[in-house]
Amino acid sequence: MFLEFVEGPLWYFSAVVFVVGVLWRLVDIWRQPSRTDLAVPRGSGVPGALRTIVTRSWTAKGFSRGATFHLVAGYMFHIGLFVLLIFAAPHVKFIEERILGFGWTPAPHWLFMVASDLAFAGILLLWLRRLMHPVMRKISTFDDHAAAILTFVVMLTGCLALLKSHDSLRAIHMLTVCLLMVYFPFSRLMHAFTFPVSRAYTGAAMGRKGVSA
Amino acid sequence: MARMKFLCDTERCIECNGCVTACKNEHEVPWGINRRRVVTINDGEKGERSLSVACMHCSDAPCMAVCPVDCFFQTADGVVLHDKDICIGCGYCFYACPFGAPQFPTGGVFGSRGKMDKCTFCAGGPGEANSAEQVRKYGRNRLAEGKLPICAEMCATKALLAGDGDVVADIFRQRMAYRGAAGLGTGWGVAYDKGLRKASGLDGKAAGKED
Amino acid sequence: MTDHPSRPAIPSEPRQHGVPPRVRARITRYLLALLAFVLIAPLVPYAAAYLGAGNVPNPGAGLWNEVRQRAGPADANTQARGVESAVLINQVGERWRQFRSEMLVPVGAWLLLGTLGFLALFWILRGRIPLEGGRSGQLVPRFSVNQRVVHWFAAILFVFLAVTGLVLLYGRFVLIPILGPEGFSATAAACKEGHNLFGPIFPFAVLAMIVLFLRGNGFNQIDLKWFFRAGGLLKGHPASSGYYNGGQKSWFWMVVLFGIAISISGLILDFGVFGQGREVMALAHVVHGGVAVVFIAASLGHIYIGTVGMEGAFESMSHGYVDANWAREHHDLWLAEMEAAGMVGVEPNALEEVKRHDNIDFKGFGSPGTKAVQG
Ligand code: HEM
Ligand code: HEM
Ligand code: HEM
Ligand code: SF4
Ligand code: SF4
């Protein structure tokens, strides 16, 4: 019935869209012509690129005051989400049975819960700030809100299915997961894959200029 | 119509835990779940007594009244059963039950108890009797096979009685009469020591014989 | 028995007619004595048992008193490992169940429906409280970004917890007839997991709320007057107020007290892993459920006045600015302070706002007694 459809055909369809879409976007970025830098490079771009990928993981000195909220809530959300995604017992089981063929030790229940509480608190705070902060509100597009809400709904339906006993609740979670995967490659959610690319690009440019930024 | 009841005769129970073991074995009860347990009062002291206790299949069951999803039902025999497909593992039945019968599979971190499990009077649960699904969820359905609960069947001293409440009560009444006037006729000495029974003039008072 | 040791039997005299009266009286006496004996004799063992009962203790009585724990916890032992598995009789179950099904469910229902009814009545009679003077077009800053984020954070969690909690409390009566047992089971399972998962976040929202909203929420003389004038709801009795009025302050302190009570009791219910027994759980549940229905009822009033009930109120929590006329009509003393500080009629210029909120000191912003003004 519905669960079989969602877990079967719909899941394969979304997975294909997700994989093909992400690859297509990455290849597309790769093939963008970059402006030729006529200046004589003062240094190599590679160390700059690598450094920037790491250093952009926290706020630069001058901006720290205004960005504390984002730093804290952002890490709460992302760490929580990744622990959930990769170490939640039902997810490990799903990955083992349906994707990779092997699994790993799932997080104990309490860690799963702490992680999801962090993730929920984080995404709510981030999205509310997006709505309430005058500048954040002005620079936010439909895409930002859609991505935040969709991710939240996926998390919420997953959390509602925690008793693992009702096919209907499972199917709803799976359905929202499918929606998210189809939406993913064509939205801001691509930042999960593109953030190293953009940081490396900036870092390399700075490296060639001999600037550490 | 039979009204199923358990009764544990404290003068006979020797805390062998045979009933507990029989239950776990018969129903493949998971670790950590005790559908039946034996509690000993004043362990190792004078007046020590043991009682085997499980769900008592209350006539007006508190668990049934309190369950937020209303998943309990009572069979025509008065056995209180519940539907694990409906149960949400909230634990309210455990708070309400006088006897601590409802059990939960996990320790309940973050209140995430699994589905409740309890003694079924060996009567399974909803669904087809002794179907693979019923056996997996609730254990064997002996009542459907015309048998009585395994715990009482296994009891070596016949301390634990199970069956139609009238019959159980009759047996117990006979025992009490045999041991002497109610209230005076209890005690291991009276129950098992023939000499003491004779000396107290109580021997042979009861006409009936024990089962 | 009829033999008389003192007087050997005398052969009856054939000449005499009938039994002599003396003999007859004696026979009657014997018969009466016999009757008395027959009647009393069987009672002797009972009497003996009764008198002897003091010496032969009833072993059953002591045992069942211990099982029932009439004199404190019994000295009990069991091989079963679990919370309170050595307890034979649950001491609180029945009282807890009676509280839940005879107090919490019906009284809570009346409280919630009564509050809704009252608000509906108020809406019909008074309608939306309008801005008497219309909009002035002049804005006064009221709540900072952080205050608004935290407010909606708490509000979203609260509404979610309240809805899921009420489904657990009333679903059996309201939702099973609609959704059927299976449908409601799925709903209740989702609500239980959702409630248990979101619950532990709520205490942090309450704490943040206390930190950000404490300032200006202390009661003072003005509030007393405000209460006497019923918040100015009666026509022609305007009640003046500062940054917060008496009603808002009451709500804030309710949030603090109820929030703490509901969080502590909720955490006890949620983390059943510390071996707390049924007594503690039942007590926590009584506090949690009792506080929850009162909290929800009170929040209905707050939500009503914050949305449909009063023109111009919602924007203070959405944009952070209110119309000067709204401030004049509902918080006159605060408006006077803001006027004195030159904070009336500011442009909601994003750049200026960010300066105020983020980098530059916004301590004086949106709070009573505003002095520091930037931009
Ligand atoms: C707070 C966040 C989340 C929680 C609590 C959660 C929880 C769960 C649970 C309990 C299941 C098992 C359902 C069942 O077998 O009945 C599940 C399955 C799954 N979840 Fe999540 N999930 C969360 C977020 C996510 C996210 C963000 C994704 C993907 C982007 C995701 C993807 C999946 C997938 C693919 C399955 C397998 C579905 C199935 O076996 O039917 N989950 N999740
Ligand atoms: C303001 C917020 C809250 C409201 C309005 C609320 C309301 C409720 C209600 C109405 C119930 C159902 C009682 C019943 O069925 O008899 C309930 C149960 C419960 N609540 Fe809350 N609650 C709130 C916050 C919390 C918090 C902060 C926690 C935990 C930290 C929590 C944890 C629980 C737990 C564990 C139960 C028992 C339900 C179960 O075991 O499935 N709640 N709550
Ligand atoms: C969900 C609907 C809600 C709406 C529409 C709403 C609306 C508002 C509005 C408009 C204000 C500003 C009043 C003013 O200008 O002075 C306010 C203040 C406030 N709200 Fe809410 N609110 C909601 C829920 C909640 C909840 C659930 C809580 C607490 C758990 C809460 C706690 C507060 C507090 C503490 C204040 C500060 C003012 C005071 O102390 O009364 N609100 N709300
Ligand atoms: S579980 Fe407890 S309350 Fe329910 S019938 Fe059995 S003994 Fe009675
Ligand atoms: S644990 Fe299950 S059976 Fe017990 S009250 Fe909750 S839903 Fe009903």
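How far is an oxygen atom of ligand 1 from an N or O atom in the side chain of A:Glu7? In this predicted model, the separation between the oxygen atom of ligand 1 and an N or O atom in the side chain of A:Glu7 is 2.3 Å, where a polar contact is a pair of N or O atoms within 3.5 Å. Local features require pLDDT of at least 70 and side-chain atom pairs pLDDT 80 or more, whereas totals for chains, interfaces and linings use all residues; side-chain values use heavy atoms, without hydrogens and water. Residues are numbered from 1 along each chain as its sequence is written, with chains lettered from A and ligands numbered from 1 in the order in which they are written.

A nitrogen atom of ligand 1 is 2.6 Å from an N or O atom in the side chain of A:His91, and a nitrogen atom of ligand 1 lies 2.7 Å from an N or O atom in the side chain of A:His173. The shell around ligand 1 comprises 20 residues, each with a heavy atom within 4 Å of the molecule; A:Glu7, A:His91, A:Arg170, A:His173 and A:Met174 come nearest. By class, 15 shell residues are nonpolar, three polar and two charged (nonpolar: Ala, Val, Leu, Ile, Met, Phe, Trp, Tyr, Cys and Pro; charged: Asp, Glu, Lys and Arg; polar: the others, Gly among them). At least two shell residues are supplied by each of helices H3 (64-87), H4 (89-100), H5 (109-132), H7 (142-160) and H8 (167-183) of chain A, and H8(A) provides the largest share, five residues.

Chain A contains nine helices and zero strands, assigned as DSSP runs (H or I, at least four residues, for helices; E, at least two, for strands). Of its 213 residues, 40% are buried, that is, under 20% relative accessible area with a 1.4 Å probe and protein chains only. Among contacts (heavy atoms within 4.5 Å) between residues at least 6 apart in sequence in chain A, 73% join residues at least 24 apart.

C:His195 lies in helix H6 (residues 176-198) and C:His288 in helix H10 (residues 278-306) of chain C, so the pair ties together parts 93 residues apart in sequence. Both C:His195 and C:His288 are buried.

Conventions:
Buried < 20%, exposed > 50% of the residue type's maximum accessible area, 1.4 Å probe, protein only. Polar contact = N/O pair within 3.5 Å; in protein donor to acceptor, adjacent residues only side chain to side chain.
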